[in-house]
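Here is a short walk through one protein model. Keep the sequence beside you as you read.

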Amino acid sequence: MDKPVEVKKLCVVVSCLNNATTLEKTLNSLVAQDCDKSLYDVLITDNNSTDNTREIIKSFDFKYVFFDTNVSFGNDWNRAFELAEGYKYITNLHADDTIDTDHLSLLINTIGDFDICFPAL
């Protein structure tokens, strides 16, 4: 019998557009999370930034996708959801926000095995 495929519980999507002044602090708050890194991934989307947002993104060990044109926030989110297929939960963090080091562990433990959940970061 085949071993079941392990599905990561959570995908945190960070959408960017010219967020160079705030993004590093945001991404560092994700790096500093105290929960098991195997429980979540970070997916960063860049909506054709013209500042050094992309260089900052590349300096972190997160998944990312760069759009060649400004596809708008809604289309950016739709594409992020397509790319995050296979995760049990998907949530977002704005590129100018930070979270406490225990935020994702609390979120993952709270959502437990619910089929549908709408957490806000």
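The model is a predicted one. Its protein chain holds four helices and four strands. Follow the chain from the N terminus and the order is β-α-β-α-β-α-β-α.

Now take the chain as a whole. It has 121 residues, and 40% of them count as buried. Consider the contacts with a separation of 6 or more: 71% of them involve residues 24 or more positions apart. The chain exposes about 7300 Å², with 51% supplied by carbon and sulfur atoms.

Next come the charged pairs. How many salt bridges does the count come to? The count comes to three.

One joins Lys63 and Asp41, whose closest N and O atoms are 3.3 Å apart. This pair links distant parts of the chain. Lys63 lies in strand 3 and Asp41 in strand 2, 22 residues apart. Asp41 is buried, at 15% relative accessible area. Lys63 is partly exposed, at 46%.

Another salt bridge brings together the side chains of Arg54 and Asp46, at 2.6 Å from N to O. Arg54 counts as buried because its relative accessible area, 18%, is under 20%. Asp46 is buried too, with 0% relative accessibility.

Arg79 and Glu82 also form a salt bridge, at 3.2 Å from N to O. Both sit in helix 3, residues 73-83. They are three residues apart, so about one helical turn separates them. Arg79 is partly exposed at 35%. Glu82 is partly exposed at 49%.

Definitions and conventions. Residues are numbered from 1 along each chain as its sequence is written. This is a predicted model: local features need pLDDT of at least 70, side-chain atom pairs count only at pLDDT 80 or more; totals for chains, interfaces and linings use all residues. Side-chain values use heavy atoms; hydrogens and water are left out. Helices (H or I, at least four residues) and strands (E, at least two) are DSSP runs, numbered from the N terminus. Buried means under 20% relative accessible area, exposed over 50%, partly exposed in between (1.4 Å probe, protein chains only). Contact means heavy atoms within 4.5 Å. Accessible areas come from the Shrake-Rupley method with a 1.4 Å probe; for residues, only the protein chains shown count as cover. A salt bridge is a side-chain nitrogen of Lys or Arg within 4 Å of a carboxyl oxygen of Asp or Glu.
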